Amino acid sequence: QPTPQALPQRGSGSSILVSPRQKGNPVLASLRSIAWEYSDIPADFGLGQTTCALFLSLKYHRLHPEYIYTRIRNLQGRYNLRIVLTMVDIQNHEDSLRELSKTSLVNNVTIILCWSAAEAARYLELYKSYEHANFAAIKGQQATGYAERLVEFVTVPRGINKADSISLVSAFGSLKNAVNADPEQVSVIGGWGEKKVNKWCSVVEEPFRVEKAARR
């Protein structure tokens, strides 16, 4: 008879931890792509070992302004990234947001604004899904080949695309000749109108070294 094998259980690390304080919060109904479970945590939402979120309604904040300061103070030293997920549910919100912005700087918290429960849930899911992501997830791709670097250089001016860069270098045979070409010579290339020609020529004629500002 085969020996029964224990089935692996889903660890709580894959779920968003929710404080019982948030029972009845409509944001919970919008959490669909990532599982969540109640847990006795000091924050409102646990998004990882070092990340948490507090939920704040501006309508509630206007009635109880001391609430969020007490909650932030209770999180001191517990998380590296502390988010205040702020629901903008009042019309005249400028003064409240200005006050919260100052608070975020003083207490080292991050203010995230949302205008609906679905938007708030999406932020929570994104932070949780990137819990174990490294810097490579947001690192830009750097061109490695000569042709790629050439296209990258030529397309720096706004309005010049990849096809323009290829036609420019093909017409003059090299980047050096393209840089030294007169506007009249560039204008005969297909797809290069007056505006694009002027943009390219003005960019390549600018000095590479920025002059130091004169001393006052």
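The following legends describe close-up views of a predicted model. Residues are numbered from 1 along each chain as its sequence is written, and side-chain values use heavy atoms, without hydrogens or water. In this predicted model, local features need pLDDT of at least 70 and side-chain atom pairs count only at pLDDT 80 or more, whereas totals for chains, interfaces and linings use all residues.

**View 1. The open sheet.** Six strands are arranged in the order E2-E1-E3-E4-E5-E6, with mixed pairing. Strand E2 (36-38) and E6 stand at the edges with a single partner strand each, so one side of each lacks a neighbour in the sheet. Strands (E, at least two residues) and helices (H or I, at least four) are DSSP runs numbered from the N terminus; two strands pair if DSSP finds at least two bridges between them.

**View 2. Pairing of E1 and E2.** These strands run parallel and are joined by three bridges. Trp 36 in E2 is the bridge partner of Ile 16.

**View 3. The buried side of helix H4.** Ala 117, Ala 120, Ala 121, Leu 124, Glu 125 and Lys 128 of H4 are buried (under 20% relative accessible area, 1.4 Å probe, protein chains only). They cover an arc of only 135° around the axis, which puts them on the same side of H4; the arc is that of the directions from the helix axis to the C-beta atoms. These buried residues pack against strands E1 (16-18), E3 (45-46), E4 (51-57), E5 (81-87) and E6 (110-114), contact meaning heavy atoms within 4.5 Å.

**View 4. Buried cysteines.** Cys 114 counts as buried because its relative accessibility is 0%, and Cys 201 counts as buried at 6%.

Conventions:
Buried < 20%, exposed > 50% of the residue type's maximum accessible area, 1.4 Å probe, protein only.
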